[in-house]
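Good morning. I will talk about charged side chains today, and I will keep it short. Please look at the screen.

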Amino acid sequence: MKKWIVSLGLISIVLAGCGNNGDDSNNNEEVPVFVEASLDVPESAELGEEVSFTVTVMQGSEPVDDADEVVFEIWQGEDREQSEEIEAVSEGDGKYTVQKAFAEDGVYSVQSHVTARDLHTMPKKTITVGNAADADQTEQEEDNS
(Lines give C-alpha, C1' and ligand atoms only; values in the text may rest on other atoms or scores of the structure.)
Protein backbone atom coordinates (compact mmCIF):
# COMPACT_ATOMS: atom_id res chain seq x y z
CA MET A 1 0.00 0.00 0.00
CA LYS A 2 2.87 2.40 0.81
CA LYS A 3 4.42 1.82 -2.61
CA TRP A 4 1.10 2.62 -4.26
CA ILE A 5 0.74 5.91 -2.38
CA VAL A 6 4.37 6.89 -3.10
CA SER A 7 3.92 6.01 -6.80
CA LEU A 8 0.69 8.01 -7.00
CA GLY A 9 2.44 10.97 -5.33
CA LEU A 10 5.36 10.84 -7.78
CA ILE A 11 3.02 10.64 -10.76
CA SER A 12 1.13 13.68 -9.47
CA ILE A 13 4.35 15.67 -9.11
CA VAL A 14 5.53 14.71 -12.61
CA LEU A 15 2.16 15.62 -14.15
CA ALA A 16 2.04 18.91 -12.29
CA GLY A 17 5.51 19.78 -13.58
CA CYS A 18 4.47 19.05 -17.16
CA GLY A 19 1.22 20.98 -16.90
CA ASN A 20 0.62 24.34 -18.54
CA ASN A 21 -0.73 26.02 -15.40
CA GLY A 22 -2.39 28.62 -17.62
CA ASP A 23 0.97 30.08 -18.65
CA ASP A 24 1.10 30.47 -22.43
CA SER A 25 4.42 32.33 -22.42
CA ASN A 26 5.95 29.91 -24.95
CA ASN A 27 3.12 30.55 -27.39
CA ASN A 28 3.34 34.33 -27.05
CA GLU A 29 7.05 34.67 -27.82
CA GLU A 30 7.61 36.87 -30.84
CA VAL A 31 9.75 35.60 -33.65
CA PRO A 32 12.80 37.90 -33.80
CA VAL A 33 12.80 40.28 -36.75
CA PHE A 34 16.17 40.32 -38.49
CA VAL A 35 18.16 43.48 -38.96
CA GLU A 36 18.40 44.35 -42.65
CA ALA A 37 21.06 46.59 -44.15
CA SER A 38 20.67 48.15 -47.58
CA LEU A 39 23.95 49.40 -49.02
CA ASP A 40 23.98 52.37 -51.42
CA VAL A 41 27.20 52.68 -53.45
CA PRO A 42 27.58 54.66 -56.71
CA GLU A 43 28.49 52.52 -59.74
CA SER A 44 31.44 54.75 -60.61
CA ALA A 45 33.53 57.71 -59.48
CA GLU A 46 36.32 59.89 -60.84
CA LEU A 47 39.80 59.99 -59.34
CA GLY A 48 39.93 62.40 -56.40
CA GLU A 49 36.14 62.80 -56.34
CA GLU A 50 34.67 62.45 -52.86
CA VAL A 51 31.79 59.98 -52.88
CA SER A 52 29.31 58.94 -50.20
CA PHE A 53 28.55 55.39 -49.17
CA THR A 54 25.38 54.87 -47.16
CA VAL A 55 23.89 51.86 -45.45
CA THR A 56 20.28 52.01 -44.27
CA VAL A 57 19.61 49.74 -41.29
CA MET A 58 16.07 48.55 -40.56
CA GLN A 59 14.47 46.01 -38.27
CA GLY A 60 11.10 45.26 -39.80
CA SER A 61 9.64 48.67 -40.63
CA GLU A 62 11.58 50.43 -37.87
CA PRO A 63 14.81 52.35 -38.64
CA VAL A 64 17.72 51.33 -36.41
CA ASP A 65 19.47 54.42 -35.02
CA ASP A 66 21.14 52.60 -32.13
CA ALA A 67 23.49 50.26 -33.99
CA ASP A 68 26.40 49.05 -31.87
CA GLU A 69 28.83 49.39 -34.78
CA VAL A 70 28.72 50.40 -38.43
CA VAL A 71 32.04 50.22 -40.29
CA PHE A 72 32.75 50.37 -44.02
CA GLU A 73 35.59 48.18 -45.29
CA ILE A 74 37.02 49.20 -48.68
CA TRP A 75 39.64 47.40 -50.77
CA GLN A 76 40.91 47.40 -54.34
CA GLY A 77 40.56 44.33 -56.56
CA GLU A 78 41.29 41.09 -54.76
CA ASP A 79 43.68 42.69 -52.26
CA ARG A 80 41.47 42.52 -49.16
CA GLU A 81 44.52 42.30 -46.89
CA GLN A 82 45.17 45.99 -47.70
CA SER A 83 41.61 47.06 -46.86
CA GLU A 84 40.75 50.33 -45.18
CA GLU A 85 38.07 50.52 -42.48
CA ILE A 86 36.10 53.71 -41.91
CA GLU A 87 33.64 54.14 -39.05
CA ALA A 88 30.28 55.44 -40.25
CA VAL A 89 28.40 58.44 -38.91
CA SER A 90 24.69 58.16 -38.07
CA GLU A 91 22.54 60.52 -40.14
CA GLY A 92 19.27 59.46 -38.44
CA ASP A 93 16.38 57.43 -39.89
CA GLY A 94 18.61 54.32 -39.85
CA LYS A 95 21.14 55.84 -42.29
CA TYR A 96 24.89 55.58 -41.68
CA THR A 97 27.34 57.30 -44.04
CA VAL A 98 31.03 57.65 -44.88
CA GLN A 99 32.87 59.83 -47.41
CA LYS A 100 35.80 58.56 -49.47
CA ALA A 101 37.98 59.87 -52.32
CA PHE A 102 40.08 57.43 -54.36
CA ALA A 103 43.65 58.08 -55.52
CA GLU A 104 44.00 55.16 -57.97
CA ASP A 105 41.98 53.76 -60.86
CA GLY A 106 40.45 50.41 -60.09
CA VAL A 107 37.46 48.37 -59.09
CA TYR A 108 36.92 48.60 -55.36
CA SER A 109 34.80 46.48 -53.05
CA VAL A 110 32.77 48.28 -50.40
CA GLN A 111 31.41 46.18 -47.57
CA SER A 112 29.50 47.52 -44.59
CA HIS A 113 29.75 45.67 -41.30
CA VAL A 114 26.62 46.37 -39.25
CA THR A 115 26.18 45.11 -35.69
CA ALA A 116 22.84 46.06 -34.19
CA ARG A 117 20.52 44.49 -31.63
CA ASP A 118 22.69 41.39 -31.22
CA LEU A 119 22.66 40.72 -34.98
CA HIS A 120 25.34 41.21 -37.67
CA THR A 121 25.03 41.73 -41.42
CA MET A 122 27.61 42.56 -44.10
CA PRO A 123 26.25 43.67 -47.49
CA LYS A 124 28.86 44.27 -50.21
CA LYS A 125 28.97 46.14 -53.55
CA THR A 126 31.61 47.40 -55.97
CA ILE A 127 32.52 50.79 -57.42
CA THR A 128 34.61 51.47 -60.53
CA VAL A 129 37.00 54.40 -60.11
CA GLY A 130 38.57 56.37 -62.96
CA ASN A 131 39.54 54.47 -66.10
CA ALA A 132 39.40 51.01 -64.51
CA ALA A 133 36.69 49.87 -66.93
CA ASP A 134 38.92 50.86 -69.91
CA ALA A 135 41.90 49.04 -68.37
CA ASP A 136 39.81 45.89 -67.81
CA GLN A 137 38.56 46.02 -71.42
CA THR A 138 42.15 46.39 -72.74
CA GLU A 139 43.33 43.43 -70.62
CA GLN A 140 40.47 41.26 -71.91
CA GLU A 141 41.27 42.19 -75.53
CA GLU A 142 44.97 41.32 -74.98
CA ASP A 143 43.98 37.98 -73.38
CA ASN A 144 41.76 37.12 -76.38
CA SER A 145 44.55 37.85 -78.92
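**Salt bridges**

Let me start with Lys100, which counts as buried at 16% relative accessibility. Buried means under 20% relative accessible area, exposed means over 50%, and partly exposed is in between, with a 1.4 Å probe and protein chains only.

Before going on, the ground rules. This is a predicted model, in which local features need pLDDT of at least 70 and side-chain atom pairs count only at pLDDT 80 or more, while totals for chains, interfaces and linings use all residues. Residues are numbered from 1 along each chain as its sequence is written, and side-chain values use heavy atoms, with hydrogens and water left out.

What does Lys100 pair with? Its side chain meets that of Glu84 in a salt bridge, 2.7 Å from N to O. A salt bridge here is a side-chain nitrogen of Lys or Arg within 4 Å of a carboxyl oxygen of Asp or Glu. Glu84 is partly exposed, at 33%.

How many salt bridges does the structure hold? There are four.

Another one joins Arg80 and Glu73, at 2.9 Å from N to O. Glu73 is buried, with 7% relative accessibility, whereas Arg80 is partly exposed at 36%.

Next, Arg117 forms a salt bridge with Glu62, and the closest N and O atoms are 3.2 Å apart. Arg117 is partly exposed at 27%, and Glu62 is also partly exposed, at 42%. Glu62 and Arg117 belong to a network of salt bridges that links them with Asp66.
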